[in-house]
Amino acid sequence: MIILRHIFMLLFLTSPIAAQDVDLELVLLADTTGSITDEEIQFQRKGYSDAILSGGVLDAIKYTFTGKIAVTYVEWGDYRRQEVIVPWTIIANKQDAESFSKQLHSVRRFAYGRNAIGSALLKGKELIEKNNISAIRRVIDISGDSAKNYNGPSITHARQQVLASNITINGLPILCRDCSDTPPEKNLVENYTDHIIGGSGAFVVTVENMELFSAVVERKLILEISGKLPSEMFAKNAK
């Protein structure tokens, strides 16, 4: 009986499911609606790539309980278009991060159309619930230059479903891309705070200058990976 018990424990510890245990499942939902140009999409991807490869993020992963996280990168447009650009990737070291980064730059644009934030949130929920990964925490991180929802399920409906599944929603409202041509949406931060984010430890970090984009994303990822809250809910820069 003792021998059988040892065999069982050995099989459990070396099974694929056990090997997938991570601290965090993180869905990165990036806005690629009609207001976002192809050049801006590539800029966003580069910002996330630089952040994932940064020493700060890799250190944050290293010092989690399991020493690894699971990340997927999804671009969202209208209710029919939520495209997985990078599938679930386990990141535990620089090599894993480089693999994620390489995939991020190897796919063309697929998502476009008018805002469907509700559909994007439900896609994030589906991706978390249908993977073969067990995590201590589960987070959807949504970015965008608007909090409006033109089609698909309402934000309220989607948000309720996501929170009921014990998934946290964090927000990255983009306040300014090229402000000479596209002024920021009025009350964007307030709308993200009041109507989109939610769950345990939910927070918003803003981007007011695209030159700071990768630094802001890095800071946000460090907070999400470490499970710490920012000293202020709204951070106007990467300091």
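Q: What makes up the lining of the largest pocket, by class?
A: In this predicted model, the lining of the largest pocket divides into six nonpolar, six polar and four charged residues. Of the 16 lining residues, the closest to the pocket centre are R137, R138, V139, T168 and S200. The volume of this pocket is about 250 Å³.

Q: Which element gives the most to the lining of the largest pocket?
A: Strand β4 (135-144) does, with five residues. At least two lining residues come from each of β4, β5 (168-173) and α9.

Q: How do you know which residues join α3 to α9?
A: Contact means heavy atoms within 4.5 Å. On α3 the contact is made by F43, Q44, G47, Y48, D50, A51 and I52, and on α9 by F213, S214, V217, E218 and L221. By class, the contact of α3 with α9 holds seven nonpolar, three polar and two charged residues.

Q: Why is α6 called roughly parallel to α7?
A: The axes of helix α6 (residues 117-129) and helix α7 (residues 155-164) cross at roughly 15° and come within 8 Å. Angles under 35 degrees count as roughly parallel, so α6 is roughly parallel to α7. The crossing of α6 and α7 is left-handed.

Q: What makes the contact between α6 and α7?
A: Helix α6 contributes I117, G118, L121, L122 and K125, while α7 contributes I155, H157, A158, R159, Q161 and V162. The class count for the contact of α6 with α7 is six nonpolar, three polar and two charged residues.

Q: Why is α3 called oblique to α4?
A: The axes of α3 and helix α4 (residues 55-62) cross at roughly 50° and come within 4 Å. With roughly parallel set at under 35 degrees and roughly perpendicular at 65 to 115, α3 is therefore oblique to α4.

Q: What is the class make-up of the contact of α3 with α4?
A: The contact is made by A51, I52 and L53 of α3 and G55, V57 and L58 of α4. These residues divide into five nonpolar, one polar and no charged. Gly counts as polar, so G55 is the polar residue here.

Terms used. Residues numbered from 1 in each chain as written. Predicted model: local features only at pLDDT ≥ 70, side-chain atom pairs only at ≥ 80, totals over all residues. Heavy atoms only, no water. 1 Å grid on protein atoms, 1.4 Å probe; cavity = no way out; pocket = protein on both sides within 12 Å on 5 of 7 lines; lining within 4 Å. Points joined across faces, edges and corners; volume = space filled by probe spheres on them. Axes fitted to C-alpha atoms, helices over the stretch in contact; angles between N-to-C directions. Parallel < 35°, antiparallel > 145°, perpendicular 65-115°, else oblique. Left-handed = near helix turned anticlockwise from the far one by under 90°.
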